[in-house]
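Hello,

Here is the structure I promised to pass on to you. Please have a look at it first, and then read my notes below.

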Amino acid sequence: MTTLHTVNKSPFSSSALDNCLGLAKNGSTVLLLEDGVYAATAGTKSAEAIANADGVSFAILGPDAQARGIEGKLADGIKVVDYDGFVDLVAEHDKVHAWL
Amino acid sequence: MKLSIQINEGPYQHQAADSAYQFAKAALAKGHEIFRVFFYHDGVNNATRLAVPPQDDRNITQQWTDLQKEHDLDLVVCIAAAQRRGLMDEDEAKRQGKDANNIAEGFRISGLGQLIEAGIESDHLVTFGA
């Protein structure tokens, strides 16, 4: 079973991403949106945690990264999607879990 | 696929109410079905028709009302969350002895059973929240 995890909180103000990465299984995807996109900023601890999360894929909501001016500062290996891509990710996974 | 959406955050609070709307619009444009949108916790505040945001800002409630009309969406407001926050329709205002009601066009008030049913009937329940 594959799960799409959504994280909408900044890793600098919430443990949502840490909690998510602690439980995300192989084959699952983590979508960063809203303030969650800050986790993908290159050079941060959270970007390191993302790079070390083997077997988990990462996507980021492009409009939210753009709104925060970090689209040029993203760590490698993170797929940028728009709302269409968000919908596709939901369709491609068996379950969706929001880490609020 | 058949989708349902749960919204736990009020309008203009942070971003979840906007994210949910953009997601719903994208899903409908791709031909997916939205079985229900359930407004829970502070999310019920998205359903007030008395909000008057500045003219150059988006009107989140109106956006939902318009999308409801266009796609015949089922927009359900949790009754317990609504009662606590002063959101009511005409019947509920009468029942509680209140002198006004404020639910916007296209929304209806119902119970948590509607959320459970949405979870059962849909392929995916996507939650947006605080």
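This is a predicted model: local features need pLDDT of at least 70, side-chain atom pairs count only at pLDDT 80 or more; totals for chains, interfaces and linings use all residues.

Residues are numbered from 1 along each chain as its sequence is written, and chains are lettered from A and ligands numbered from 1 in the order in which they are written.

Let me begin with chain A. Its open sheet has five strands in the order S4-S3-S2-S1-S5, with parallel pairing. Helices (H or I, at least four residues) and strands (E, at least two) are DSSP runs, numbered from the N terminus, and two strands pair if DSSP finds at least two bridges between them. At the edges stand S4 (79–81) and S5 (95–99) of chain A, each with a single partner strand, so one side of each has no neighbour in the sheet. Further in, S2 (29–32) and S3 (57–61) of chain A are joined in the parallel sense by four bridges; Phe58(A) in S3(A) is the bridge partner of Val30(A).

Val81(A) is partly exposed, with 18 other C-beta atoms within 10 Å (20 or more would be buried, 12 or fewer exposed, with C-beta atoms placed from the backbone). Beyond neighbours within four places in sequence, the contacts of Val81(A) include Leu61(A), Phe86(A) and Leu89(A); contact here means C-beta atoms, placed from the backbone, within 7 Å.

Now to chain B. The axes of H1(B) and H2 (60–71) of chain B come within 11 Å and cross at roughly 20 degrees, where axes are lines fitted to C-alpha atoms, for helices over the stretch in contact, and angles run from 0 to 180 degrees between N-to-C directions. H1(B) and H2(B) are therefore roughly parallel (angles under 35 degrees). Among the residues that meet are Tyr21(B) and Leu28(B) from H1(B), and Trp64(B) and Leu67(B) from H2(B).

Finally, the two chains: 16 residues of chain B are in contact with 12 residues of chain A. On the chain B side, H1 (16–29) and S5 (124–128) each give two or more residues, and H1(B) gives the most, with six.

Best wishes

Terms used
Angles under 35 degrees count as roughly parallel, over 145 as roughly antiparallel, 65 to 115 as roughly perpendicular and the rest as oblique.
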